[in-house]
Amino acid sequence: MAASRNGRGPSARGRKKGAPGRAGSAAGRGPRPTPRQARPQSSASTPKKRRKAHPNQQVRLSPAAARRQRAIRQLYIRRVLSILALVAILVGIYFIGRFVWNSVQISLAQHADSSESVDDVPEPITDCAPQDLTATMTNGESTAIEGQGWSTHITLTNTSDTECTTDGALKSVGFAITSGDVPVYDTTQCADQDAQKLLLLGPGRSWTTTVSWDGRHAPNCDSDKVAAPGTYVMALKAPRATGNDQAVVVIEPAPPPPEPSEDDESSDDSQSTDTGDE
């Protein structure tokens, strides 16, 4: 009984040891029965295989993945816009700085030019002082004929180192005539007092004019009396220059009118006779 319970009886032992033999016996008995076909496993227990997506096929994303992808895209766009804005600001700063720099350079150049032009401005031309001009009287004849007058050349010379202006009208350049202590004529007083003749004389430059006397004895410029023969002194007058030139002129009597000849007398008699006959 015990042996049979424990499976250690002759039958069990023989069954165990004779397992190969049973296989052999089974082979001898006939074909081995086919094993059961494997049951198909359920889809829940077997993992699904991922199918490869086609390159042109859009993959549907879950809402969370779509939100994450939109957030990444917006962040990328914001970064790109920030970089573009920064680049635009830097470019604007560059051009503004360049414009300011050019403006400063132009302003400095203009200031330098203006300062140079101010430094290069010549001194204003002033009137000649008497010590800057010398006056001389030349080419006057030593004799003159009564009633024919006399003339001379008067030269003004700038002896200074700068150019200056003076008046060359007859009221400023002339001579006075005296006979002893008696005034005879003054060309500066008898000239037009409103006339002007502006002269610009450079350093060392000269100007010459001719001044004439008509031979009258008119201290006040209003007489038609002819100066009598004699010796006269012509003294230079140039209030705006220095010079004390003078000339001594002898006025000779005018030659007497020619006496009528015999032919002239005969012609006069014949004319008178003809007149009487008429």
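Start with the cavity lining, by class: four nonpolar, two polar and two charged residues line the largest cavity. Nonpolar here covers Ala, Val, Leu, Ile, Met, Phe, Trp, Tyr, Cys and Pro; charged is Asp, Glu, Lys and Arg; the others, Gly among them, are polar. This is a predicted model, where local features need pLDDT of at least 70, side-chain atom pairs count only at pLDDT 80 or more, and totals for chains, interfaces and linings use all residues. Residues are numbered from 1 along each chain as its sequence is written, and side-chain values use heavy atoms, with hydrogens and water left out.

The lining itself is Leu156, Thr166, Asp167, Ser172, Val173, Ala238, Arg240 and Ala241. A cavity is a set of points on a 1 Å grid over the protein atoms alone where a 1.4 Å probe fits but cannot get out; lining residues have an atom within 4 Å of a point. Its volume, the space filled by probe spheres set on the points, is about 30 Å³.

Leu156 turns up again in the core. The largest nonpolar core has 28 residues, and Leu156, Phe175, Ile177, Trp213 and Met234 have the most contacts inside it. Such a core joins buried Ala, Val, Leu, Ile, Met, Phe, Trp, Tyr and Cys through side-chain atoms within 4.5 Å; buried means under 20% relative accessible area with a 1.4 Å probe, protein chains only.

Thr166 takes us to a sheet. Its bridge partner in β8 is Leu199. Strands are DSSP runs of E, at least two residues, numbered from the N terminus. Four bridges join β5 (residues 164-167) to β8, antiparallel. Pairing takes at least two DSSP bridges. The open sheet runs β1-β5-β8, with mixed pairing. β1 (126-127) and β8 each have a single partner strand, so one side of each lacks a neighbour in the sheet.

Methods
On a 1 Å grid over the protein atoms alone, a cavity is a set of points where a 1.4 Å probe fits but cannot get out, and a pocket is an open set with protein on both sides within 12 Å along at least five of seven lines; lining residues have an atom within 4 Å of a point. Buried means under 20% relative accessible area, exposed over 50%, partly exposed in between (1.4 Å probe, protein chains only).
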